[in-house]
Amino acid sequence: MASDARRAAEQAARQSYGKLIAFLAARFRDVPAAEDALSDAIAAALSTWPERGIPDNPEAWLLVAARRNLLRRVRHENVRAGARDRIMMAFEEAEERMNADNSTFPDERLKLLFVCAHPALDRSSHTPLMLQSVLAVDAATIAKAFLVSPQAMSQRLVRAKIKIRDAHIPFIVPERSVLPDRLESVLSAIYAAYGLGWDGVDGEIGKQGSLADEAIWLGRTLLATLPQEPEAAGLLSLMLYSQSRREARRDANGRYVPLDQQEMALWDAEMIAEADNLLRKAGAFGRFGPFQCQAAIQSVHAGRRRSGMTDWAALAKLYEALVIMKPTAGARVSHAAVMGKVEGPAAGLALLDRMAGREIVNYQPYWAVLAHLLTETGDMENASHAYRTAIGLSDSEAVRQFLQARLDSIASPER
């Protein structure tokens, strides 16, 4: 059926976008051209597959079609003969691989991640560029996550892609001597992708639900490539701890369940064990970094599965260390929430009061934690305002319903 063919084309595009872009861009050295070629190939699939049927290997079909689009571009543009020959040979390799029995081609996404984190590019573009080029997150979604306008984010991404082309940035995993600065950006981008996928776990953000799995795959690939980097192990450990609780985040009716109320029997014990092992291996290197610290925080939460209790004092110490290493809004809000448990709501509120207005105005977790702490102090009027703000800033219907229930529980009858 035509509808089945269209769905197959859309699915192949979603699942293979980053892999195809990375392969094409690594050979053509032009990310926008690769994106245009693949976009045309996807459009061709949407128009031809309903008539001719779904190919046996949709990914291969898209690659070959995009390759031909790029080769037409090479022939019609003023490309030096040597460069044209190199590009032709690279794409002949691609077609040979796709015609082989295994019908596979190299996954170059890790190389593309490091290209996107190159020091020649503006640092503010690193993570957004990786999210779009490697994981096909649209500019509007990225803009919302980074609290900028879609137009500003689109312009930032375009400038970065042009810079990659014009500066002839090589598609390689860098040598160890220049790795630390580049690695931090790659780790941050992978975790940002995981966060977007995690936020969309209830299916409300379409294809983003698969981003969590893609981020974990990238984390595994990065660690396999750089096994001596403890922060790579820390990142993978962190994601696995979080992913282990996936099935417990919603109850049988789809309602949001906060971490401290989750049914621990639903947590994935094997995933937690793998995360524990990775965190121990990372610690053996003696280089404690922010991703290991965040993994250690999740390890404390996972420990409730064994002891039945949460060590809030340990969490407070770890968040204090995290804020020193990486004082992000998320780390500071979480620190305040934990201090509210350990030393009382006034201590948590004091930490929130130190945050700048520009950090918190559109940051939903801040308002949710503020509402909870104000409720604990008995300030129901300001707590209600904070709850309403948190509800308005939330993208998740399940979270909105949870917060609304909290708001309703503290509202006076006449309200």
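Student: Where is H168 placed?
Tutor: In this predicted model, H168 lies in the loop between helix 8 (150-166) and helix 9 (179-199), where helices are DSSP runs of H or I with at least four residues and strands are runs of E with at least two, numbered from the N terminus. Residues are numbered from 1 along each chain as its sequence is written, and side-chain values use heavy atoms, with hydrogens and water left out. Local features need pLDDT of at least 70 and side-chain atom pairs count only at pLDDT 80 or more, whereas totals for chains, interfaces and linings use all residues.

Student: Is H168 buried or exposed?
Tutor: H168 counts as exposed, because its relative accessibility is 64%; buried means under 20% relative accessible area, exposed over 50%, and partly exposed in between, with a 1.4 Å probe and protein chains only. H168 also has a positive phi of about 55°, although it is not a glycine.

Student: And what is phi at A136?
Tutor: Phi of A136 is near 60°, which is a positive value in a residue other than glycine. A136 sits in the loop between helix 6 (126-135) and helix 7 (139-145), and it counts as buried because its relative accessibility is 14%.

Student: Switching topic, how many helices and strands does the chain have?
Tutor: The protein chain has 20 helices and 0 strands, and buried residues make up 50% of its 415 residues.

Student: How do helix 15 and helix 18 pack?
Tutor: Helix 15 (residues 329-342) and helix 18 (residues 364-377) pack at an angle of about 15° with their axes 10 Å apart, the axes being lines fitted to C-alpha atoms over the stretch in contact, with angles running from 0 to 180 degrees between N-to-C directions. The two helices are therefore roughly parallel to each other, since angles under 35 degrees count as roughly parallel, over 145 as roughly antiparallel, 65 to 115 as roughly perpendicular and the rest as oblique.

Student: Which residues make that contact?
Tutor: V333, A336, A337 and G340 of helix 15 make the contact with P365, Y366, V369 and L373 of helix 18, contact meaning heavy atoms within 4.5 Å.

Student: What about helix 15 and helix 16?
Tutor: The axes of helix 15 and helix 16 (residues 345-353) come within 6 Å and cross at roughly 165°, which makes helix 15 roughly antiparallel to helix 16. On the helix 15 side, V333, H335, A336, M339 and G340 meet P345, A347, G348, L351 and L352 in helix 16.
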